[in-house]
Amino acid sequence: LVEGTSSGDVIKCYLARSSGNVSEKVRKLLRMGKAEGKPELALLDWSNNGNFYVHEGPVDGDGIKQVLQRFRESSLNMAQLCECTQSHLKTFKEMGISGL
């Protein structure tokens with residue numbers, strides 16, 4: 001978990017090294033399919049009507065910086081959870097996963 005940046009933004013990072021209850025639910029909500037053993041990056045802004053972005057480029061330092069910069073500039077092509085799956089956000093919060 002990483003929180004905070006020099007600009008005052010709060011960023012929380014989560015890592016899933018294997019399939020599990022939470023990671024499988026997140027992948028399903030974001031329509032990411034099954035994990036294939038390569039790094040993947042998804043940016044979740046669920047406090048903003050369930051917005052999310054699945055990065056299709058390399059997941060390295062430059063790729064992560066680019067995604068965060070484009071997010072700050074509001075230039076990412078964000079997708080949105082359908083209304084029926086927004087109720088799943090409550091489930092995550094009840095499971096103790098904050099920041100979603």
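The buried residues of α1 are Ser 23, Val 26, Arg 27 and Leu 29. They cover an arc of only 165° around the axis, which puts them on the same side of α1; the arc is that of the directions from the helix axis to the C-beta atoms.

This is a predicted model, in which local features need pLDDT of at least 70, side-chain atom pairs count only at pLDDT 80 or more, and totals for chains, interfaces and linings use all residues. Residues are numbered from 1 along each chain as its sequence is written, and side-chain values use heavy atoms, without hydrogens and water.

Me: Why is Ser 23 called buried?
Reply: Buried means under 20% relative accessible area, exposed over 50%, and partly exposed in between (1.4 Å probe, protein chains only). Ser 23 has 16% relative accessibility, so Ser 23 counts as buried.

Me: What does Ser 23 touch, not counting residues up to four places away in sequence?
Reply: Ser 23 touches Ala 16 and Ser 18, where contact means heavy atoms within 4.5 Å.

Me: What makes α1 a helix, and where is Ser 23 in relation to it?
Reply: Helices (H or I, at least four residues) and strands (E, at least two) are DSSP runs, numbered from the N terminus. Helix α1 spans residues 21-29, and Ser 23 is found in it. Just after α1, Arg 31 takes a positive phi of about 55°.

Me: How do you know that β1 and β2 pair?
Reply: Two strands pair if DSSP finds at least two bridges between them. Strands β1 (residues 41-45) and β2 are joined by 5 bridges and run antiparallel. In one of these, Ala 42 has Val 54 of β2 as its partner.

Me: What joins β2 to β3?
Reply: There are 2 bridges between β2 and strand β3 (residues 79-80), and the two run antiparallel. Asn 51 stands opposite Gln 80 in β3.

Me: Why are β1 and β3 said to stand at the edges?
Reply: The open sheet of 3 strands has the order β1-β2-β3, with antiparallel pairing. β1 and β3 each have a single partner strand, so one side of each is left without a neighbour in the sheet.

Me: What makes β2 mostly covered?
Reply: In strand β2 (residues 51-55), 4 of the 5 residues are buried.
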